[in-house]
Structures are given as C-alpha cells and as structure tokens.
Amino acid sequence: MRKTIIALAACAPLLVALPAHATAPKAKDPVRALKSEFVAGHGVRFTETTTLSGEKTKVQSRKGTFQFNAKGIVAHDIVTTFAPDRLERVISVGKFSYLKSPSLLLLEGKTWARRSRGVAGGGSFNGQVINPAESKTLAALIKKGKLTKRAITGKITFKELDKISPWFAMSVPLRMQDDATVTYALTLTSAGLVSRVKSSYAATAVFDVGNHEGKTMTIDSRFTGWGAKTSIKAPDPKTVDVRPIQ
C-alpha cells in the first residue's frame with residue numbers, strides 16, 4: 001500500500017510558481033495594430049478642435065473619415081467648421097481633392113471645385129498635423145518619442161513630418177517655419193490603436209508673426225470607429241468645377 005502511494009505521488013504534476021514577468025501581458029505594438037486595420041472598404045472616424053492660446057474661442061473644429069485599403073489611407077472626407085454659418089468640406093479620392101466652400105467662386109450650377117490632392121487634401125491648415133492612421137508616421141513618432149503601455153509622447157519638427165507624412169504635406173502646404181517643433185501626446189486603446197492625438201506648436205509656424213508672437217496652436221483629435229465600413233466617393237462630375245485655381 002505504501003509503495004502504491006509513493007508511486008502515485010511521483011506521477012502527480014508539480015506546481016511550480018512562475019516568475020511574475022512570465023505571465024504579464026505584453027504591450028500591444030501600435031504599428032502592427034494599425035496595419036491590421038488596413039482593410040479595403042473600412043476606416044476610422046475623427047473629431048477635433050483647434051485653439052489658439054490667448055483666444056477666448058476655438059479657431060475651428062473638424063470631423064471626418066479616413067478610408068483604407070490593404071496599404072493604408074486611400075480617401076478621406078472632412079468637414080471644417082469655422083463659425084456656425086461657415087462650413088467647408090473636402091473629399092479626397094485618387095489624385096484629386098474636391099472642395100465645397102462659400103469662399104469659392106465657381107461656375108454657375110457647380111458646387112465643388114477640383115484641386116490636386118497635394119494642394120488642398122487636408123481640409124484646413126489649422127487642423128491636426130499628425131495623422132496616426134499613417135503607419136510610417138506612427139512608427140516615426142514612436143522612434144522619436146517614448147512609448148508606454150497606453151501612450152506615445154515626444155517632439156518632432158515640421159521638416160521631419162514633411163518627409164514621412166503625406167497627410168502633413170496636404171494639411172500644411174504653406175508654412176512660415178520649416179523647423180517648427182511639434183509636441184505630441186497620443187493615447188492608445190487596450191488594442192494598441194490610437195484614440196486621441198493632442199499636438200501643439202508655435203502659432204508663428206503657420207502665421208505671420210504679427211499678433212501671433214508667443215502664441216501656441218493646440219489641436220486635440222479623437223479617433224473612434226476603427227474598422228467601421230466606409231465608402232468615400234468623388235462628387236457627381238456634373239457638380240464639379242474643374243478649372244485651374246483662379
């Protein structure tokens with residue numbers, strides 16, 4: 001009987017305490033998480049506000065959608081609000097951007113102006129200069145900054161962004177200071193996707209010095225609906241004024 005008990009004990013599994021780090025979950029890779037969202041016909045939505053230090057009211061607000069394919073962003077649709085009665089919309093698909101704005105002088109019967117995407121693809125130059133839906137941009141922000149479990153923080157210049165980000169080139173086609181520094185803070189979801197981007201830079205980077213000396217532009221963007229089905233199309237050709245910029 002004693003031999004039987006000893007034999008059974010020898011066969012019983014050993015319970016060994018594992019080191020705490022062996023079972024701790026690894027932090028999600030934001031770039032890998034982003035690339036997993038690159039599915040044709042899907043995308044992400046965003047809303048944002050832009051404020052200028054010293055001003056009592058916000059400069060503008062925007063809301064929009066990015067559409068993906070297997071490689072990244074292929075289209076976007078953005079509405080910018082400057083005042084309750086002044087809205088501008090830009091749709092970028094393929095090589096062109098289509099603008100609808102009360103400030104445009106269009107041919108009779110036309111409601112949209114067509115421009116090359118690089119000239120007016122980002123909507124308003126007072127908007128977010130950092131696009132976390134661009135994998136190369138996101139990778140650069142991580143490399144230059146600090147990645148923790150739920151945040152990415154750091155600094156990057158306009159010049160550096162211009163080299164890696166098509167979005168930046170469209171958003172700020174005209175700038176006063178190429179060496180302006182952008183301070184950024186990105187918030188991550190538990191899945192490693194970006195849910196918020198807050199960035200700031202000297203207002204004189206995009207405005208003449210004038211009364212903007214010493215002031216700061218701050219843009220706060222929220223991203224939601226990652227993976228949502230998305231379909232962005234160019235406006236009806238009959239409504240588009242295709243004349244060159246006047």
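Q: How many aromatic pairs does the structure hold?
A: This is a predicted model, where local features need pLDDT of at least 70, side-chain atom pairs count only at pLDDT 80 or more, and totals for chains, interfaces and linings use all residues. Residues are numbered from 1 along each chain as its sequence is written, and side-chain values use heavy atoms, with hydrogens and water left out. Rings of Phe, Tyr and Trp (its six-membered ring) pair if their centres lie within 6.5 Å; planes under 30 degrees apart are stacked, over 60 edge-to-face, and the rest tilted. By that rule, the count of aromatic pairs is 8.

Q: What kind of aromatic pair do F46 and F223 form?
A: Their centres are 5.9 Å apart. The angle between the planes is 35°. That makes the pair tilted.

Q: How many residues apart are F46 and F223?
A: Helices (H or I, at least four residues) and strands (E, at least two) are DSSP runs, numbered from the N terminus. F46 is in strand β1 (residues 42–52), and F223 is in strand β11 (residues 216–229). The pair links distant parts of the chain, and the separation in residues is 177.

Q: Is F46 buried or exposed?
A: Buried means under 20% relative accessible area, exposed over 50%, and partly exposed in between (1.4 Å probe, protein chains only). F46 has a relative accessible area of 3%, so F46 is buried.

Q: Why is the pair of F158 and Y201 edge-to-face?
A: The ring centres of F158 and Y201 are 5.1 Å apart. The pair is edge-to-face because its planes are at 70°.

Q: Which strand holds Y201, the partner of F158?
A: F158 is in helix α6 (residues 158–164). Y201 lies 43 residues away from F158. Its strand, residues 194–202, is β10.

Q: What is the relative accessible area of Y201?
A: F158 is at 0% relative accessibility and counts as buried. Y201 is buried too, with a relative accessible area of 2%.

Q: Which residues do ring pairs link into a cluster?
A: F46 and F223 form a tilted pair. Both belong to a cluster linked by ring pairs. The members are F38, F46, F66, F68, W167, F223 and W226.

Q: Which residue lies over the face of F96?
A: A charge sits over a ring if NZ of Lys or CZ of Arg is within 6 Å of the ring centre and within 35 degrees of the ring normal. R86 lies over the face of F82, at 4.6 Å from the ring centre. Over the face of F96, at 4.1 Å from the ring centre, lies R114.
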